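Hi there,

Here is the structure I promised to pass on. Have a look at it first, and then read on for what turned up.

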Amino acid sequence: MTIPASWYLILAALLFGIGAFGVLTRRSALIMFMCIELMLNAVNVTFVTFARSMSDIGGQTIVFFVMVVAAAEVTVGLGIVVAVFRRRASTSVDELSELQG
Amino acid sequence: MIATAGTLHVSIHYLVILPVLILFGASLVLLIASAMWRRTVPTAVTTATTLAASLAVLVVTYFQWRCLDKSGPSSTVAHAVVLDGFSVVATAVIALSVAMAALVAHDWAVRENVRGAEYSILALASSAGAVLMTQANDLVVIFLGLEILSLGLYVLVAIDRRKGESAEAALKYFILGGFASAIFIYGAALVYGATGSTNISSVSYFLGSNVVLHPGLLYAGGALLLVGFAFKIAAVPFHMWSPDVYEGAPTPVTGFMASIVKVGAFAALIRVMISGLGTQLATWRPIFWVLIILTTVGGALLALPQRNAKRLLAYSSINHAGFILVGVWAGTVLGNAATLFYLATYAPTVVATFAIVTLMGGLGDERHSLESYRGLARRQPWLGASLAVLLLSQLGAPLTAGFYAKYSVLAAAVDSGGVALALVALLSAAIAASFYLRWTVVLYAEPDDEIDVSRVVVPRGTALVIGVGVGLTLLLGVWPGPLAALAQHATVYFTP
C-alpha cells in the first residue's frame, strides 16, 4: 500500500499549524522555541515530499540547510533565554513587560 | 554543475562572492584573534578590522561594477548568486553602513566600558548575511542570508549584558524573527512544490512558460514568503516587535540594524517579487496595496504619541518601510531604481541619526526622552543642526536626500497607475511631518533650566559619521542626479 503524497503534505501543514498556534498562544519561551522547531520540521517534511514526488534531489538537500539553521537558532535562542533567566528566574514571556507603549 | 565520478565541479566567479567572503573572513579572523589574544582584544583593533573589511568591500564593489560594464549581469555558484547592478549598489550601501555603525559603536563601547570583540564579530557576520541577501537568486540562499543576518542581530541586541531590557528585547526579536523565518521557508517549500525549483530565475521561467497545475500552492507559498518579509521589514500588521527592539537594543546596534536589515530585506524582496513572481504581478499587487496603506499610515499615526526618541524612530522607520514598498509595488525598472535610491539615502541617514541619539543617551544609554533634546541646537549648534537636517530628510523636506527619495518612489507608483496609493502615502508623510517637526522645534526651543544641560561630548569617530551622514543627505538633496542615474543603471539581473 502506498500512501499518497498529499497525506504527507497535509501532515506537514498540520504540524506547521500546530507550531504556529503554539508560538502565538503559549507563554513559555522554551515551548515557543519548540514550536518554532516544529514549524521548521514541518517545512522539512514538505520539502522531502515534493522532492520525492518530483524525483528531484534538490529538495532533499535543502533539508540539511534547514536543519543547520534550526540548530544554530536553538544555540542562539537558548543563550538569550539563559541571559533573561539569570535576571528573572522565569521564562514566561508575560513577565517581560519592561518595554511597552 | 557537472558531476563526474567522485568529483564535483562547480564554476565559481569569486569576484561575485568576494564581499561575503571578506566580511565573513574578517569576522572569523576576529573570532580566532579573540581566542588567541591573552587579554580581551582592544576595541581599537576590532573597529579597525571592521573598517578595513568594509572599505575592502567598497573597493571590491568598484571592480564588480567595472566587470558589469564589460560583461553584463551574470549568475554563479549554480545560479544561486548573481552579480548585477542592483546587488553591487546595495552591497556598497551595506558596506558604508557597517563602517559608519562601527565608528559609532566604537565610541559607545569606550563610553560604556564594554570590552571585547563581540560587537565587531557579530556585526561583520550579520553584514555578510545582508550582502548575501542582496545577491541571492535562490529562495534557500535568501533564507540562509536572512538567518545569518538575523542570528547575529539577535545577539547584538542583547550585547550589553548589564541591561535587562536588552535581553528582553532580544528574546522578543528572536521569537518573532524565528517565527517569521519558519513562515518564509514554508513559503519557499510551497513555491518549490508548485514550480519544481527554488531558483528565482527558474521559478519565473516556469511561471512564464507553463500553466501552473496547483495555483493554490503557488499563491499560498507567495503569501507566506511575503509574510516572512513583512516581519523582517516591520510592515504593519507585522511590526509589533520593532519598537520594543529598537528601544531595548543598545542605540548603536539599533542604527546598524535599522540600516542593513532594510537594505538586505528589500533587495531580497525585489528579487522574489519582481524577478521570481513578476509574472504574477496582478495577483500580489492588491496585497501590497493594503500592506502599504497600513504601513505608511499606521507607522505615522502610531509615532504621534511617542515621547521616546528611539521608539519614535522605530515607528518612523515603519513609515519609511511603507514608502520603500511603494517602489516595489510599481514593479517596473523605474520602481526598482527608486527603491534602490531610497535605500541608499535612507541607510546613511538613519545610521547618523542614531549616532546622535547614542550621544544624547549619555552614560548608561538611558536619556532618550524627547525632553532631553530641548534646546540642544542652542547649546551645541552643530549637533542640533545636524539632527535637524537628518530629521528633515526623513520627513522628505526639499533640498534633502529624503525629498528626492520620496518623490522618486511616488513618481514610479504614479507611472504604474497607483495615483491613489501615492496620495495615501503622501498623506502619511504629512502626518509624519508633524512629529519630525515637533522634534525639530524642541531642538531649537528655549532650554529648560530644571533639566540637566551638560554639554554632550562628541567623540571624533561619531563626529565623522554624523558629518558623512549630513553631508550625503545635503549633497544628494541638492544634487541627486548622479546617484539617481546610477540607480537607473543598476538594473536587476533577471526581469521576466
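Among contacts in chain A between residues at least 6 apart in sequence, what percentage join residues at least 24 apart? The figure is 48%. Please keep in mind that this is a predicted model.

Let me stay with chain A for a moment. Its secondary structure consists of three helices and zero strands, and the order from the N terminus is α-α-α. Chain A has 101 residues, and 32% of them count as buried.

Next, the place where the two chains meet. Here 31 residues of chain A are in contact with 31 residues of chain B. On the chain A side, helix H1 (5-25), helix H2 (29-54) and helix H3 (57-88) each supply at least two of the residues that touch chain B. The most comes from H3(A), with 14 residues. Sorted by class, this side of chain A has 23 nonpolar, four polar and four charged residues.

In general, nonpolar side chains tend to be buried together in soluble globular proteins. In this model, the largest nonpolar core has 224 residues, and helix H6 (residues 164-195) of chain B provides the largest share of this core, 21 residues. Which residues have the most contacts inside the core? They are B:Val157 and B:Leu343.

Finally, a helix pair in chain B. Helix H13 (residues 333-361) and helix H15 (residues 381-395) of chain B pack with their axes 10 Å apart, at an angle of about 140 degrees. Because of that angle, H13(B) is oblique to H15(B); the cut-off for roughly antiparallel is over 145 degrees. The crossing of H13(B) and H15(B) is left-handed. From H13(B), the contact is made by B:Thr349, B:Ala352, B:Thr353 and B:Ile356. H15(B) brings B:Leu383, B:Ser386, B:Leu387, B:Leu390, B:Ser393 and B:Gln394 to the contact. Taken by class, the residues where H13(B) meets H15(B) are five nonpolar, five polar and no charged.

Technical notes:
Residues numbered from 1 in each chain as written. Chains lettered and ligands numbered in written order. Predicted model: local features only at pLDDT ≥ 70, side-chain atom pairs only at ≥ 80, totals over all residues. Contact = placed C-beta atoms within 7 Å. Helix = DSSP H or I, 4+ residues; strand = E, 2+ residues; numbered from the N terminus. Nonpolar A, V, L, I, M, F, W, Y, C, P; charged D, E, K, R; others polar. Core = buried A, V, L, I, M, F, W, Y, C linked by C-beta atoms within 7 Å. Buried ≥ 20, exposed ≤ 12 C-beta atoms within 10 Å, placed from the backbone. Axes fitted to C-alpha atoms, helices over the stretch in contact; angles between N-to-C directions. Parallel < 35°, antiparallel > 145°, perpendicular 65-115°, else oblique. Left-handed = near helix turned anticlockwise from the far one by under 90°.
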